[in-house]
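Trainee: I wish to learn how to read charged pairs, strand pairing and backbone angles in a structure. Please take me through these features one at a time.

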Amino acid sequence: MSTPERVAVVGAGVCGIAAALALHRAGCAVEILERDDRIGGRLGVAELGDGEILLGGKNIGRRYTRFRALLALLGGTGYEPFGINTSRVVAGRLVRLDSDNRVTTMNGILRMCDWRDLTALDRIARKVKSADQARFLGSDLARKLGRHDDRPLSAHFGKRTSANFLRPITVRMNGAEPDEAYYGNFPTNMGMLIDTFDQPTTGLSTLLARIADLVEIRYRTTVTGITRLDGGVVLHLFDAGGRATQARYDAVAVCTPAHAAAPLLAPLSDTVAGLLHSVRYFPATVAVVRYTHDVFAADVRAIALDDQPCSNAGSYGKDTRNVVRYTFSGKHGRLTDPADADVLGLVTDTEHQLRTHLGTVPQPRTAAAIRHWPHAYCGYLPHHGDFLDALSDAFAPLTGIALAGDYLLGASVEACCRSGENAAAAVLSTTRQGPVGCES
């Protein structure tokens, strides 16, 4: 087919921004349709007092090559080191993992893990480090490990390893406990663990908002379904005024999580919708609180917690340690439509825990921002490679429509960026490549 002239991108998260930028650069007239009143999706742009923050992730791995290239195209930024810095209480003592200090990290892993598991963990880490594609869903490594997905991840490792090492990783990235995660998806977690992270010196939301200078964004616009008409694609939607309407495009990139994409595509394919509905998501609630003085120290900037609603508490930035992000996720933290007062009550409980482990004194709060996501984390599926193959086959007849999302390559902003770019390539390609795009 010829290059489409008018293309819709559904969703203004990282996937959607990446797709829109690639389509714009290819000469398409692009409209982003976003149900919220701002871009960023689960980056969670919010106000804290008189400043803007991200309730989701904001740090950028040094292996996030495509996402860094996207930011450069949007005007660029400098970077300052952040690293992975998290701590865990093991046998009553605080154990640190710090990607800026390999010796400390290795000593911490040795204390956290059953020694029989170290060889397997090292083997996976080496493979992920040596092959760029290995850290994404659907890779050869992921498919090879996925042959063992009849049992959960916890069944492949000892109890100490699962509790002390695996759980902070799977809960943080997928909202899943080790007995809810799977071996075939673990390379995505390992990819994060072995990377080194930086903070952009320009606010991430400021950078991404520059997409509005290049393409049209229709905020507070909810897409309810997709149909086809006269060789084009019709979006059924409610506009910003709440009016039901339709809009026709040459092609559409659906850049949303799987659970949101499923009902949009149900009029075209029950099979595609069913596959998308099968992808697991887990809830999370995040509170970012500003205090009068630092809560964390430079060498301990985060603590993973067990057996309580707060799974992780950490400083917002390397040098912004008076601002703390509290994440409520995992089996004890799956809240249902919580009120802000209830969340702040859980923050109070966590503050007591932090003071016990850090030896600090109470700090008055000066501001707080709270967000609950019913579908915050993509937990993927066992045998996820088989799911990707089935989705690609079922989606093949739906020409003029492409998919991007956290369920295709992974949940990191790098994976989402690549997924969006793959969706743009599928829209532009004269030969249909399918929506899954396991190539990286």
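Mentor: Let us start with Arg 68 and Asp 198, both of which are buried (under 20% relative accessible area; over 50% is exposed and the range in between partly exposed, with a 1.4 Å probe and protein chains only). This is a predicted model, in which local features need pLDDT of at least 70 and side-chain atom pairs count only at pLDDT 80 or more, while totals for chains, interfaces and linings use all residues. Residues are numbered from 1 along each chain as its sequence is written, and side-chain values use heavy atoms, with hydrogens and water left out.

Trainee: In what interaction do the side chains of Arg 68 and Asp 198 meet?

Mentor: The general idea is that side chains of opposite charge can pair when their charged atoms come close. Here the two side chains form a salt bridge, with 2.8 Å from N to O; the term requires a side-chain nitrogen of Lys or Arg within 4 Å of a carboxyl oxygen of Asp or Glu. The pair links distant parts of the chain, 130 residues apart: Arg 68 belongs to helix H2 (residues 65-73) and Asp 198 to strand S9 (residues 197-200). Helices (H or I, at least four residues) and strands (E, at least two) are DSSP runs, numbered from the N terminus.

Trainee: How many salt bridges does a search of the whole structure find?

Mentor: The search finds 21. Another of them joins Arg 143 to Asp 389, whose closest N and O atoms are 3.0 Å apart. Again distant parts of the chain are linked, since Arg 143 is in helix H5 (residues 140-146) and Asp 389 in helix H12 (residues 384-395), 246 residues apart. Arg 143 is partly exposed because its relative accessibility is 29%, and Asp 389 is likewise partly exposed at 35%.

Trainee: Is Asp 239 buried or exposed?

Mentor: Asp 239 counts as buried, because its relative accessibility is 15%. Its side chain meets that of Arg 243 in a salt bridge of 3.2 Å, N to O, and Arg 243 is exposed, with a relative accessible area of 52%.

Trainee: Which residues form a positive surface patch?

Mentor: The patch consists of Arg 123, Lys 127, Lys 144 and Arg 147. Patch residues have over 30% relative accessible area and no salt bridge; like charges are joined within 9 Å, and nonpolar side chains (Val, Leu, Ile, Met, Phe, Trp, Tyr) within 5 Å. Areas come from the Shrake-Rupley method with a 1.4 Å probe, and for residues only the protein chains shown count as cover. Lys and Arg count as positive, Asp and Glu as negative, and His and the chain ends are not counted; the place of a charge is NZ of Lys, CZ of Arg, CG of Asp or CD of Glu. Lys 127 is in helix H4 (residues 118-130) and is partly exposed at 33% relative accessible area.

Trainee: In what order do the three strands of the open sheet stand?

Mentor: Strands of a sheet pair through backbone hydrogen bonds, either parallel or antiparallel. The order here is S5-S9-S6, with antiparallel pairing. Gly 61 has Phe 197 in S9 as its bridge partner.

Trainee: Do strand S14 and S20 run parallel or antiparallel?

Mentor: They run parallel, and four bridges join strand S14 (residues 251-255) to S20. Ala 253 has Ala 402 in S20 as its bridge partner.

Trainee: What phi does Asp 337 have, although it is not a glycine?

Mentor: Most residues other than glycine have a negative phi. Asp 337, however, has a positive phi of about 45°. Asp 337 is in the loop between strand S18 (323-328) and helix H11 (340-358), and is exposed at 67% relative accessibility. His 383 also has a positive phi, of about 50°.

How values were computed: Two strands pair if DSSP finds at least two bridges between them.
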